[in-house]
Amino acid sequence: MYTADLDPAGPDPHDRTDFADATRGLVDRLEPCVIRDSRGRVVWDNERWAVLDQDCPDTVHPHLWRIGQLNSLQGLFEVVPGVHQVRGLDGSNMTLVEGGTGVVVIDPLCSRETAEAALALYRRNRGDRPVTAVIYTHSHGDHFGGVHGVTDPATVAAGDCAVVAPEGFMEHAVSENVFAGPAMRRRASYMYGARLPAGPEGMVGFGLAQGMSRGGFGLIPPTLTVEATGQEATLDGVRFVFQLAPETEAPSEMNLALPDLGVLLIAENATHTLHNVLTLRGALVRDAHAWAASLTESLRLFEDAEVLIGSHHWPTWGRDRVHRVLTEQRDAYAYLHDQTVRLMNRGLTGPEIAEELTAFPGELGRAWSVRGYYGSLSHNVKAVYQRYMGWFDGNPAHLWQHPPVEQAERYVAYMGGADAVLAKARASYEEDDLRWVAEVVNHVVFAAPANTEARELLASTYERLAHAQENGTWRNFYLTGAQELRAPHDERPPTRPGFSLGAVDMIAALTTRQVFESLAVCVDGPRAAAHRLLLRWEFTDTGDVWTLLLGNGVLTPLPGDAPGGEEPQVALRLARGTLDRIVAGRCAFTDALDTGAIRADGDTGALATLQALLEQPSTAFPIVLP
């Protein structure tokens, strides 16, 4: 068995401090911890992690097994009097702060159903308190997607529940969850091991959490925006002090303190793992330099904090320990940034730097809180390089390479054909040179995807690589790749008519401009270049007027009527909710015309042409096969 050696200079395997912290303050548990939607479909199952009660097998890195044990602890926990967390009911934490009349919910999990269950567990023990405010710490979906499980738009509109978020929240929530959402979700299925069985041969978590729920996803826009560090708000009688932390773990993020309770909530900017500078599912490259600087500011602003809590993982108690954890996290991001730049300026490329920086030095190397369960030094230093230097490493041989299939065909031919490559690869496999086997056999698979011998050898290689990984996301990528080499994940037929960009609750939270911009990235530009369309949209419930201009293969939304008085081909009158339903795939434009939900004046063929030019994003494009 190919297994990883534990670093003797690493953290103390006998240190049980994290386990004591992760169980401290337990009030109640959800038994059994299985959450279903209204149709009976399981959206969260924490019971599957009972397997982690066993001793670590040789198919899992011991450190990854350890963090899985910690992350699978679930229940309602008291942090300090008046502040509770629900952990282990989703991939993130829900924090509840008791006020004068109700409770403030911070980060309402990923799904409506898990948020409902978390709030019910809290109320079972603390009384049926109304939710008086919701705070989103940042623009990632696992921290706002369950908001409809704790409040609703009518309550918010009536002023009975405030929704607080950092500056830029809506822009970035949209760009990540709608614009690039389809591609990210497909890659996220690899990163989070969504289709892997739980257990020693499969998924054991991914370091930050044990999984992500798969229930109803929504968004209610904020009613209060935090625009500056030091801004304060009193919510239900509780004083909150905010620190903006843009361009850190998320492009729109903030930390918050409860100064009268001695609690600092550090959002996702400091966790009990090294995080991602560039997540493997895809994202904008994060700024490790700004991330470290933000944590320096946190240390200065909140030096009196007695308890540190986050949007993931368990709390840390005691001022000195809080300071140490924040310092370790700050120094980890500063080190990987500064040393990457140092080596970059020596002339090394991203992959070369990753081979130089394989571990943190000294005390950082012995700290449990910066182990690479989720982010890794290897892919983080490549991300820092990418942020400064981009995709091109300066070698002109890499400026205009063939795409993967054409490359593979040529490599295999140059190496004497598939049989010769596989014979050499099997020898390397026996010598444990698995990284090289993965590279060369991948060429055979892309050159001849029907070659079952090549696919099985590559799948076996991925499995052995997976078993050695401390990093949960690397393990999940390798195991999902092996799974799909053996049984490709076919594109599923659409479950709704026409075109769909996501959940109607999510679409409804977008501005009209954002909805139209979301359509623009789905236009088939080469086909659309043959058309010039001008469509006027009047929304009967809001009074807004927009014009969509299609020209040169680009769909441009324009507020108001067309400039220059140009007449549109068709003028449409509809409620904004009708557009939401169409974009969410509940009906097609033509259906809405037929039912009268859209009233048209002019050539309705222009609308049909626009609909025909929209390309439905893929739900299961191939990754390990061409």
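Ala 267 is buried in this predicted model, because its relative accessibility is 0%. The residue sits in the loop that joins β14 (263-265) to α7 (288-301). Its phi is positive, near 55 degrees, although Ala 267 is not a glycine. Most residues other than glycine have a negative phi, and most peptide bonds are trans.

Leu 109 gives another case of a positive phi in a residue other than glycine, here near 65 degrees. Leu 109 also belongs to a loop, the one between β7 (103-106) and α3 (112-126). With a relative accessible area of 1%, Leu 109 is buried.

The bond from Glu 31 to Pro 32 is cis, and its omega is near -10 degrees. Pro 32 is part of the loop between β1 (26-28) and β2 (34-36).

How far can the coordinates be trusted? Averaged over the protein chain, the pLDDT is 95, and 97% of the residues score at least 70. Residues 1-5 stay under 50, and for them the model has 12 contacts beyond four places in sequence. The pLDDT is also below 50 over residues 491-497, a stretch with 11 contacts in the model beyond near neighbours in sequence.

The next topic is helix packing, with α14 (residues 434-447) as one partner in two pairs. Take α12 (residues 404-414) to begin with: its axis comes within 8 Å of the axis of α14, and the two cross at roughly 110 degrees. That angle makes α12 roughly perpendicular to α14. The crossing of α12 past α14 is left-handed. On the α12 side, Pro 404, Val 405, Gln 407, Ala 408, Glu 409, Tyr 411 and Val 412 take part, and they meet His 443, Val 444, Phe 446 and Ala 447 of α14. Sorted by class, this contact has eight nonpolar residues, two polar ones and one charged one.

In the other pair, α13 (residues 418-430) packs with α14 at an angle of about 165 degrees, and the axes are 9 Å apart. Here α13 is therefore roughly antiparallel to α14. Their crossing is left-handed. From α13, the contact draws on Ala 418, Val 421, Leu 422, Ala 425, Ser 428 and Tyr 429. From α14 come Leu 434, Trp 436, Val 437, Val 440, Val 441 and Val 444. Of the residues in this contact, 11 are nonpolar, one is polar and none is charged. Val 444 of α14 is listed in the contact with α12, and Val 444 is listed in the contact with α13 too. An α-helix has 3.6 residues a turn, so residues three or four places apart point the same way.

Which residues of helix α20 are buried? They are Arg 576, Thr 578, Leu 579, Asp 580, Ile 582 and Val 583. Helix α20 (residues 576-583) has eight residues, and six of them are buried, so the helix is largely enclosed by the rest of the structure. The partners of these buried residues include helices and strands: they pack against α17 (504-508), α18 (512-520), β17 (533-539), β20 (570-574) and α21 (589-595). After α20 comes Gly 585, which has a positive phi near 85 degrees.

Two further residues can be followed one at a time. Glu 328 has its place in helix α8 (residues 319-344). Is Glu 328 buried or exposed? Its relative accessibility is 16%, and buried means under 20%, so Glu 328 counts as buried. Not counting residues up to four places away in sequence, Glu 328 touches Leu 364, Ala 367, Ser 369 and Val 370.

Thr 547 lies in strand β18 (residues 545-551). Thr 547 is buried, and its relative accessible area is 2%. Leaving aside neighbours within four places in sequence, Thr 547 is in contact with Leu 534, Leu 535 and Arg 536, and also with Thr 556, Pro 557, Leu 558, Gly 560, Asp 561 and Ala 562. A distance places Thr 547 relative to Asp 419: the C-alpha atoms of these two residues are separated by 59 Å, and the residues are 128 apart along the chain.

Definitions and conventions. Residues are numbered from 1 along each chain as its sequence is written. This is a predicted model: local features need pLDDT of at least 70, side-chain atom pairs count only at pLDDT 80 or more; totals for chains, interfaces and linings use all residues. Side-chain values use heavy atoms; hydrogens and water are left out. pLDDT is the predictor's confidence in each residue, from 0 to 100. Contact means heavy atoms within 4.5 Å. Axes are lines fitted to C-alpha atoms, for helices over the stretch in contact, and angles run from 0 to 180 degrees between N-to-C directions. Helices (H or I, at least four residues) and strands (E, at least two) are DSSP runs, numbered from the N terminus. Angles under 35 degrees count as roughly parallel, over 145 as roughly antiparallel, 65 to 115 as roughly perpendicular and the rest as oblique. A crossing is left-handed if the near helix is turned anticlockwise from the far one by less than a right angle, and right-handed if clockwise. Ala, Val, Leu, Ile, Met, Phe, Trp, Tyr, Cys and Pro count as nonpolar, Asp, Glu, Lys and Arg as charged, and the others, Gly among them, as polar. Buried means under 20% relative accessible area, exposed over 50%, partly exposed in between (1.4 Å probe, protein chains only).
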